[in-house]
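Please keep the structure open beside them as you read.

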Amino acid sequence: MNSKLARGLLLSAAVLSLAGAAQAQDVTLTIESWRNDDLSIWQDKIIPAFEAANPGIKVNFAPSAPAEYNAVLNSKLEAGSAGDLITCRPFDASLALYDKGYLASLAELEGMKNFSDVAKSAWITDDGENPFCVPMASVIHGFIYNKDAFEELGLSVPETEDEFFAVLEKIKEDGTYIPMAMGTNDQWEAATMGYQNIGPNYWKGEEGRKALISGEQTLTDAAWVEPYKTLARWKDYLGDGFEAQTYPDSQNLFTLGRAAIYPAGSWEISGFNTQADFEMGAFPPPVKEAGDTCYISDHTDIAIGMNANTEHPEEAKTFLNWVASPEFASLYANALPGFFPLSEEPVELEDPLAQEFISWREKCESTIRSTYQILSRGTPNLENETWNASANVIRGSETPEDAAKRLQDGLTSWYEPQKN
Amino acid sequence: MTVSSPRMPVRWHIGVFLAPAVLVYTAIMVLPLFGTLQLSFFRVVDGRDVFVGLDNFRTLLGDPRWSASFWNALGNNFWFFLIHMAVQNPIGILLAALLSNPRLRMRAFYRTAIFVPTILSFVIVGFGWKLILSPIWGVAPSILDAVGLKSLFAPWLGKEEYALTTLGLISVWQFVGIPMMLIYAALLSIPDEILEAAECDGITGMSQFWKIKLPLILPSIGIISILTFVGNFNAFDLIYAAQGALAGPNYATDILGTFLYRTFFGFQLQIGDPNMGSAIASIMFLIILMGVCIYLFGIQTRLRRYQF
């Protein structure tokens with residue numbers, strides 16, 4: 001394992017030094033990222049736009065696999081071989097990097113004033129003094145559905161939970177389509193596209209999330225167990241062998257037109273647009289009763305900061321200021337429909353599916369994922385445990401109550417506000 | 001009167017010849033090993049490394065959550081090892097015995113075909129088998145369907161009760177070539193005179209294998225067992241490639257290697273803890289060390305060796 005990592009590092013170092021030798025006159029900035037899906041968009045659209053506006057600075061986008069990004073990045077930073085610009089995961093992972101002195105403070109950066117406090121909240125020190133990453137985008141959860149399939153079966157978009165399950169039941173009875181494309185093999189889909197997707201409607205978004213952080217609510221409260229009970233009902237509507245179904249399997253099942261509904265994050269939009277040859281629509285997580293306020297997970301997901309030990313701080317700041325500009329926001333949001341800009345300047349979106357997702361910001365209350373801020377600082381890690389619990393509940397190997405109790409016990413074991 | 005004692009010449013060439021291996025081995029194996037041990041005695045408190053003695057080990061074995069994960073991983077690791085000992089090695093010996101049969105044709109072909117998976121990357125094996133066993137695209141359900149046994153199919157890699165055994169068998173498929181080759185070599189080195197003498201005494205066929213060949217290849221079987229033990233307790237790659245670092249479902253395939261990886265490097269929102277990770281790595285080292293010692297002093301010294 002170690003040797004593999006070392007080999008990877010050597011290889012990337014070799015590639016970097018080659019690239020450096022080839023363009024010795026220009027400054028080359030390297031971006032570390034986990035978005036390897038976006039490689040072509042960065043290379044073809046974003047980087048050329050920046051380089052055209054800023055001659056003399058070259059940018060090299062060097063992503064690694066999402067699941068390995070944090071570990072690889074940490075090793076690179078420790079070894080001093082990381083790139084000049086670091087794509088930031090939200091909250092503690094990046095905060096830890098800042099605390100260790102790997103990320104530079106951006107309090108002085110001109111472009112930071114384009115962002116609201118909420119947008120900056122995921123990448124700022126607890127005292128609110130030092131932002132360390134420029135917010136790039138948030139992702140919104142919901143369900144993407146196959147419009148052709150819905151028309152064929154005469155279904156309408158569900159608004160309440162009862163309607164949602166009625167729709168699933170009808171698709172199942174008809175048998176042409178798998179009602180919902182999701183598997184539990186990779187675990188994170190169950191938590192992210194399951195629990196965190198439908199949950200905000202139960203715990204009332206920010207209200208419940210903040211109450212959990214302050215210790216006023218616990219994970220065993222009805223508002224936090226209910227979403228697990230709903231997830232447990234999903235089991236009957238997933239495809240055969242969903243236990244071994246992976247994330248790419250689910251994506252393919254949906255884009256090949258074999259499944260009717262896909263519990264989604266808006267980041268899927270660009271991939272699905274190129275893969276699927278049917279028309280797609282989206283609906284927000286169904287509410288309990290018609291007329292209830294709806295809540296959506298509008299998760300601050302991605303930002304970019306500067307390696308504190310970069311050799312080219314001035315050029316890196318130029319790039320970050322450009323990222324903070326409306327020009328970048330518009331370029332990025334339209335190149336990657338489904339990643340919604342966080343800057344206060346309104347951005348015109350062209351993609352209809354992305355428009356649908358972003359329209360929910362107006363009628364629903366936004367929140368972020370419940371486990372991300374503060375609550376995943378300890379051991380056991382609440383986010384990882386939530387993956388495990390959500391997958392268990394969907395597979396039926398753990399009851400919602402047991403799962404909630406296990407999570408609460410784990411949280412109580414290290415989190416002071418929950419201890420009383 | 002002085003007697004010039006015959007002085008032994010300094011045999012410096014021994015040192016010279018040993019030096020490269022010793023230096024390289026020390027630099028890339030021994031030093032990191034001690035580095036890991038050292039790391040496991042420290043903990044980061046307020047941003048500084050503080051010596052905490054055996055506290056990390058106490059947490060690992062005493063804290064209910066850490067110890068539950070640890071014993072789960074250790075138990076899974078023993079099961080993984082047992083599958084290899086009970087399936088891989090007997091099949092390896094059987095294949096070697098068949099291959100060493102002089103009447104078998106196309107021996108070289110079989111030998112190569114069985115050995116090839118061993119040189120494949122774990123990633124290829126992991127993804128390949130995941131695809132074969134996939135309930136959606138895999139060939140396994142359709143093959144079973146073709147012979148009317150579709151009802152036997154289950155999403156094995158996604159079921160807590162089967163996942164680890166399935167991965168164990170995949171690993172057996174990959175590595176069965178190694179015991180086969182070692183035993184095959186041992187069988188070939190048995191002199192013909194002994195076998196002829198056995199035949200003169202009327203020992204042929206199966207009883208010749210049990211009474212003559214098997215005792216002669218026992219030392220090789222011992223070596224294979226210990227290689228299997230060390231390999232399995234260091235295993236990581238296949239589980240990681242097939243199930244990811246969380247070793248799902250519900251940690252059913254979590255072995256010490258994946259547990260170590262998650263702890264040391266962190267995973268998703270979990271930030272890596274090199275100190276606890278080193279504690280796990282040190283315990284893995286101790287387990288392997290104990291296993292090897294038991295073999296060396298308990299078994300190997302008692303094995304009867306035959307000189308031809």
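1. I213(A) counts as buried because its relative accessibility is 14%; buried means under 20% relative accessible area, exposed over 50% and partly exposed in between, with a 1.4 Å probe and protein chains only. This residue sits in helix 10 of chain A, residues 206-214. Helices here are DSSP runs of H or I with at least four residues, strands are runs of E with at least two, and both are numbered from the N terminus.

2. Before going further, a word on the ground rules. This is a predicted model, where local features need pLDDT of at least 70 and side-chain atom pairs count only at pLDDT 80 or more, while totals for chains, interfaces and linings use all residues. Residues are numbered from 1 along each chain as its sequence is written, chains are lettered from A and ligands numbered from 1 in the order in which they are written, and side-chain values use heavy atoms, with hydrogens and water left out.

3. What does I213(A) touch beyond its neighbours within four places in sequence? The partners are Q373(A), I374(A), L375(A), Y415(A) and P417(A), where contact means heavy atoms within 4.5 Å.

4. Setting aside residues up to four places away in sequence, T255(A) is in contact with F272(A), Q275(A), A276(A) and F278(A).

5. Now to chain A as a whole, which has 18 helices and 10 strands. Its radius of gyration is 22 Å, close to the 22 Å from the globule rule for 420 residues, so chain A is as compact as a globular protein of that length. That radius is taken over C-alpha atoms, and the rule is 2.2 Å times the number of residues to the power 0.38. The C-alpha trace spans about 65 × 55 × 45 Å along its principal axes, and 58% of the 420 residues count as buried.

6. Chain B has 13 helices and 4 strands. Its radius of gyration is 25 Å, well over the 19 Å that the globule rule gives for 308 residues, so chain B is more spread out than a compact globule. Along the principal axes, its C-alpha atoms fill a box of roughly 95 × 75 × 30 Å, and 41% of its 308 residues count as buried.

7. On surfaces, chain A exposes about 16600 Å², with 48% supplied by carbon and sulfur atoms. For chain B the accessible surface is about 17400 Å², and 69% of that belongs to carbon and sulfur atoms. These areas come from the Shrake-Rupley method with a 1.4 Å probe; for residues, only the protein chains shown count as cover.

8. Finally, the annotations for chain B. An unreviewed UniProt entry lists several spans as "transmembrane region", including residues 78-100 and 112-132; such annotations may be inferred rather than shown by experiment. In the model, residues 78-100 of chain B are 96% helix and 0% strand, with end C-alpha atoms 32 Å apart. Residues 112-132 of chain B are 71% helix and 0% strand, and their end C-alpha atoms are 22 Å apart.
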